[in-house]
Amino acid sequence: MTTTATPESVLVHPDVPQRQRWPARLWGILAVLSLVLFLDGLDVSMVGVALPSIGDELHLATSSLQWIVSGYVLGYGGLLLLGGRTADLLGRRRVFLIALAVFAVASLLGGLVDSGPLLIATRFIKGVSAAFTAPTGLSIITTTFAEGRMRNKALSIYTVFGASGYSSGLIFGGLMTGIGWRWTFLMPVPVALIALVAGYVLLPRGLPAAKGGHDILGALTSTAAMLLLVYSLVSAPARGWTGPVTLSLFAAVVVLLVAFVYVERRVAHPLIRLGILRKGTLIRANLAMVALFGSYTAFQFIVTLYLQSVLGWAPLKMALALLPTGLLVALSAPFAGTMIDRFGTSRFIVGGLAAMSAGYVLFLRIDTHPVYVVAILPTAILLGVGFALGFPSINVQATAGVGDDEQGLAAGLVQTAGQVGAALVLAITTAIISSGGTPAHTAAGVLDEYRPGLVFTTFVAVGGLAMALVPFVVRRRAVALATEER
């Protein structure tokens, strides 16, 4: 994704003093972009709260219910890089508005359908639309606000809205689900329409920022591989892990991945320049994002089902129980940049994954009569601390030391890793839960079914922590060897 500004789109020239007050239209542009990011976070967390109610009304098993989450994140992660490239080629304003309109229509349809597969299809479409609005919105900011204090201020506000959307979605999800789960899909529609009208009026018109072509074949092969891999993992317990159909599906995934690499090596304008994957800090950042985002997505999926469906908690009560996580992320977002500048990314990534690992380990003590302040609140706080430390640090590390012409690619890769990693970890977690055989009918029995999934999410976080510690271990050994040589 190229972020080179065109003269038609820049409202704040680099020569303008960094402390100059922003005109009203500039605030309006930032408000539109922030509102859409807020809407993305709101939508994800609202639907998460509504999952048990959706499953009950549409008669969806756990293995099918997870597709409501996976469909969104795969559509988002699978086409994120294509979304950024399309915005550069066709114009950011045009792509942003079209994708936002699609998001509104898909939200409306999601609130009206009575079929599980159709609902999952609308979620996938919403994920695809987010794959175009997210990178486009970010590139509009970087080409509208001059680099330095003004851009940092704009990005800080933008990030706060994203985190606040997620934490607010828990509350709105609890309230809307109390009325009916369909309102969690219908509520974003008027908000998206307001943002669409405001964006049409305020967003700067500009020429495309890049020339060239799309890598449609690369996008198709990579997205198809991820979709098929998740389906293979989820369906394997029923078919058997070594059954002919399961093995054939996994073989098809390998073929699609090989085809993707083949395309990327030969296409004129690849989604991913494969050479960038030789950069160690970028690889570690992507793996850390998989561990952080993947483990939390799977954890929240299990906890949402358990607290509502098994323990009978009301949606709002469950949302309030998990709210400290989102609040900590939202409140810390404005200070993240300053803290990273002071202490560096590596320490914060280790600290974030350590906090999340500790939170998951503590939650393994959960029983059928949990005391909130003892069994749930410590985990909610630790997960909030983990996200606050880890998420911004991983994004900064992913783009550190990368050339200006590939900043968009590096940022897109780490976002893709988070979304695709979430889908894969959730798929494996669901497969583990579903492999137990006949579903249990008591709270204790269901908890026993869920516990291996909780152990797996803990393993993912601890594995990410171990990988994040590798540079420190290597550095310590190098220092020890150098000391011995002296």
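Analyst: Gladly. On a 1 Å grid over the protein atoms alone, a cavity is a set of points where a 1.4 Å probe fits but cannot get out, and its lining residues have an atom within 4 Å of a point. Grid points are joined across faces, edges and corners, and a volume is the space filled by probe spheres set on the points. This is a predicted model, in which local features need pLDDT of at least 70, side-chain atom pairs count only at pLDDT 80 or more, and totals for chains, interfaces and linings use all residues. Residues are numbered from 1 along each chain as its sequence is written, and side-chain values use heavy atoms, with hydrogens and water left out.

User: How many cavities of 30 Å³ or more does the structure hold?

Analyst: There are three of them.

User: Which residues line the largest cavity?

Analyst: Its lining includes R284, L287, A288, S346, M467 and F472. To place them, note that helices (H or I, at least four residues) are DSSP runs, numbered from the N terminus. Two or more lining residues come from each of α10 (280-310), α12 (345-363) and α15 (443-485). The largest share, five residues, belongs to α15.

User: How do the classes divide in the lining of the largest cavity?

Analyst: Ala, Val, Leu, Ile, Met, Phe, Trp, Tyr, Cys and Pro count as nonpolar, Asp, Glu, Lys and Arg as charged, and the others, Gly among them, as polar. In the lining of the largest cavity, eight residues are nonpolar, three polar and one charged.

User: And what lines the second largest cavity?

Analyst: F299, V303, L322, T325, F363, I376, T379, A380 and L383 do. Here α10, α11 (315-343) and α13 (372-399) each give two or more residues, and α13 has the largest share, with four. Seven of the lining residues are nonpolar, two polar and none charged.

User: Next, helix packing. How are two packed helices described?

Analyst: The angle between their axes and the distance between the axes describe them. Axes are lines fitted to C-alpha atoms, for helices over the stretch in contact, and angles run from 0 to 180 degrees between N-to-C directions. Take α10 and α13: they pack at about 155°, with axes 10 Å apart. That makes α10 roughly antiparallel (an angle over 145 degrees) to α13.

User: Which residues of α10 and α13 meet?

Analyst: Contact means heavy atoms within 4.5 Å. Among the residues of α10 that meet α13 are R284, A288 and F299, and the α13 side includes I376, T379, L383 and Q397. The residues in this contact divide into 15 nonpolar, six polar and one charged.

User: How do α2 and α10 cross?

Analyst: The axes of α2 (residues 62-90) and α10 come within 12 Å and cross at roughly 125°. T62, L65, Q66 and V69 in α2 meet T297, F301 and L305 in α10. By class, four residues of this contact are nonpolar, three polar and none charged.

User: What about α1 and α7?

Analyst: The axes of α1 (residues 24-58) and α7 (residues 188-202) come within 10 Å and cross at roughly 155°. This pair is therefore roughly antiparallel. R25, G28 and D43 are among the α1 residues in the contact, while A195 and G199 are among those of α7. The residues of the contact divide into 13 nonpolar, two polar and two charged.

Definitions and conventions. Parallel < 35°, antiparallel > 145°, perpendicular 65-115°, else oblique. 1 Å grid on protein atoms, 1.4 Å probe; cavity = no way out; pocket = protein on both sides within 12 Å on 5 of 7 lines; lining within 4 Å.
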